[in-house]
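Here are some notes to read beside the model.

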Amino acid sequence: MTRRLAYYVPAVAVFVGVLGLWELVVRAFGIQQFLLPPPSAIAFAFVEHFDELTTVGRNTLVEAVGGLVIGGVAALVVAFATARWVTASRTLLPFAIAANSVPIIAFAPIMNNWFGILNPLSKMMVVAVLVFFPIMINTLRGLTLVDQASLELMRSYAASELAIFAKVRVPNALPYIFTALKVSATLSLIGAIVAEYFGGSRSVLGQFIITEAAFFRFANAWAAIVVASAVSIAFFLIILAIERVAIPWHASARIADSS
Amino acid sequence: MFRAARSSLSLFVVIGALAVLWEVVKLLGGDPSEAWTPPFQWTVASDLNMPHVWDIAASFVQPAQRNGPPLGLVLVNAGIFTFREAFGGFVFGAVLGLALAIVFVHSSLLERALVPYVVASQTVPIIAIAPVLVIWLGGGWLAVALISAYLTFFPVTIAGLRGLRSPDPRALELMRSYASSSRDVLWKVRLPAAAPYLFAAFKVAATASVVGAIIGELPSGIRDGLGGAILNFNQFYVSGPPKLWAAIIVAAIVGIGFFALVRVAETVVLRGRVAPSDA
Amino acid sequence: MSDSIVRVRGVDKVFGAGADKTPALQHIDLEIPRGAFVSLIGPSGCGKSTLLRLIGDLTQPSAGTVEVNGKTAHRARLDRDYGMVFQAPVLFDWRTVQGNVELPLEVSAKDRSARADRAKAMLALVELTGFERRYPWQLSGGMQQRVAIARALSFEPAILLMDEPFGALDEMTRERLNIELLRIWKQTGTTIVFVTHSIPEAVFLSTHVAVMSARPGRIIELIPVDLPQPRNDLTREDERYFGFITRVRERLRGREMGRPGAAEVAAS
């Protein structure tokens, strides 16, 4: 236990040190608030605007989670449907990978036009498209990159395709799916915030940050940024917790694969 | 040769299929015309929301503004501008990312102290910091490249760490038996072993850098790039929907093009080693 | 050999097509009596694994027939007559030890309690009682391979096909598992076809050793090993044991170096 705690000492030391130095430098050199507010000002802004930050944070989280659910379900359906046909998935994969390198945020204004700029669905759809490709690609990989020997073993039992799918392919895909979900958790929040930049409800994190920054109230903006990353990290940790419960057998590999 | 021909053929087939699908949706639920009244009325499929494929194609050759150059030329210039920012960000980010990975491999203290923040950095919505960076650095392309680098370095650091640690421990022991310096170990064992991992990360980073450049342009007031174009055509969407679509298509081409470029570099550098991975 | 469980007749196996055509096996005839322990031994590339996979219907012959348990190999596979053990244990990470042993029973739709009982019995047979709830990564290499053997035996296959099952293990573990395998073979009365690189292992385990040559792969000789049963550590010090080792080695070497005479003996 103490050894585990000792492991985190340097990280905590950096945290405290950087915050202290930041505060000190800002005060010592009289750096103006709009350039860099000191941590104390950010903390103060956080307390002062707590209610508003909770509201905007919740609204943005709803967009992110909604988008992740829509995109994730769609990605799983497509991956499961195409994994059955080897040629289909082989043809599809390169295009999915290419599509994954399209800057999806460019579609944010289009989604506003399609689903209504004030409708949270327009932000959800940006997030959904954003997370669709990583989840689909990873799921497809997990379903198809199966150890050949495992398949031979199943063949020697005269196992049906369905049995092979349920007992080999799906369990094999689970770690891949969770890896994609962990990436998508942070991606979904960032996607929602960027999508908010293109207009819509004012009561969201993205608009809050833009407005506060526009009026040079940077301490407020930074407080919102802290909220955004805290929500992001929490979202990530929730998925991590689900992963630990869902695939405990993967504990051995997880240490090496924690990114 | 044959494979290249076949894959470019299937590329055209897929693009063609998408265009056909697009028009089928419009036939089913688009705006009525003199020749055809669609059975449904979907707002999503209206001419405002889904302009005809040929209208989007035509918009490339029509002037973007009255008496101005054709939109296609404007967008190509914007694409080159954004690609430059993205490339600058990519180089910054890749160098920084690799440097961090090398430092972390050699110092477990620094690794433990800093890696959590490297991971946490990616949860910070970069667009929120962009205005601050722009104020610090002025609204030039440097600020945008830095924003782009912020998204780029992360995958490189993580993959670099994994790749630099990937050599067989026996290979490291072999180097020790030669009494080689840690610099030799780095150049002769660790970096070559890390190369496939790094290229996988570079491909992710190429995409991220384009996204970063477009996002970075939004709050920085730069209007010469694709982010600016998207913002601009979004504002005047009602008067010319195809223009926004044209800008998005060019953005997609820049993203895919950069990815493909790294992919080609990977095939050249890693030739004779494992087949390039697809991610 | 009236009661042969495996009949391989005139089997050729060619890989690839056109200019890349490489013959892997040429004119293989092999009869394996029920209850026998047959080792396939030969240099790398002699096609011993391919022959094993032909018997197991994991690949098809280019010419000739393979009959198992009085039916085609394909039919035998569908009837679940095979237990397979590979060089790697091929355990599923996501299943416990017991879950892995139950896998073939699940595939053949045995009910839950019957599966559990059978798995427990098989794990007892390979002396892994108490490890039912562990995951594969928590076991040593030797233990993992014992789980694989328990799994292969779990639906009482008519024939057990083993492809260098102990090849990745250290010598001490290998010798211990050899003795255990013989005990299991005696207890279950199953037929075993065993691919190996190791001459002593082949001689120690087998009732018959099939010596093979490379390029193209053929069976030079089927040597009956009539060392007394049950075999144990003392067998390894028996003079006749060394005699058999020498005989197998000479057969292998004579063919490999193309020494005149040796090939003729083999052909006759």
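1. Which residue in β2(C) is the bridge partner of Val14(C)? The partner is Pro23(C). Please bear in mind that this is a predicted model.

2. That bridge belongs to a pairing between β1 (residues 4–15) of chain C and β2(C), which is antiparallel and has 8 bridges. The two strands are part of an open sheet of 4 strands in chain C, ordered β2-β1-β4-β5, with antiparallel pairing. At its edges are β2 (22–33) and β5 (71–72) of chain C, each of which pairs on one side only.

3. Chain C also has an open sheet of 6 strands, in the order β6-β7-β8-β3-β9-β10, and here the pairing is mixed.

4. Within the mixed sheet, strand β9 (residues 208–213) of chain C runs antiparallel to β10(C), and 6 bridges join them. For a place to look, find Val209(C), which stands opposite Ile223(C) in β10(C).

5. Turning to the other chains, 42 residues of chain B are in contact with 41 residues of chain A. On the chain B side, α1 (2–29), α4 (108–121), α5 (126–137), α8 (182–220), α9 (226–235) and α10 (241–269) each supply at least two of the residues that touch chain A.

6. What classes of residue make up that side of chain B? There are 33 nonpolar, 7 polar and 2 charged residues on the side that touches chain A.

Methods:
Residues are numbered from 1 along each chain as its sequence is written. Chains are lettered from A and ligands numbered from 1 in the order in which they are written. This is a predicted model: local features need pLDDT of at least 70, side-chain atom pairs count only at pLDDT 80 or more; totals for chains, interfaces and linings use all residues. Two strands pair if DSSP finds at least two bridges between them. Two residues are in contact if their C-beta atoms, placed from the backbone, lie within 7 Å. Ala, Val, Leu, Ile, Met, Phe, Trp, Tyr, Cys and Pro count as nonpolar, Asp, Glu, Lys and Arg as charged, and the others, Gly among them, as polar.
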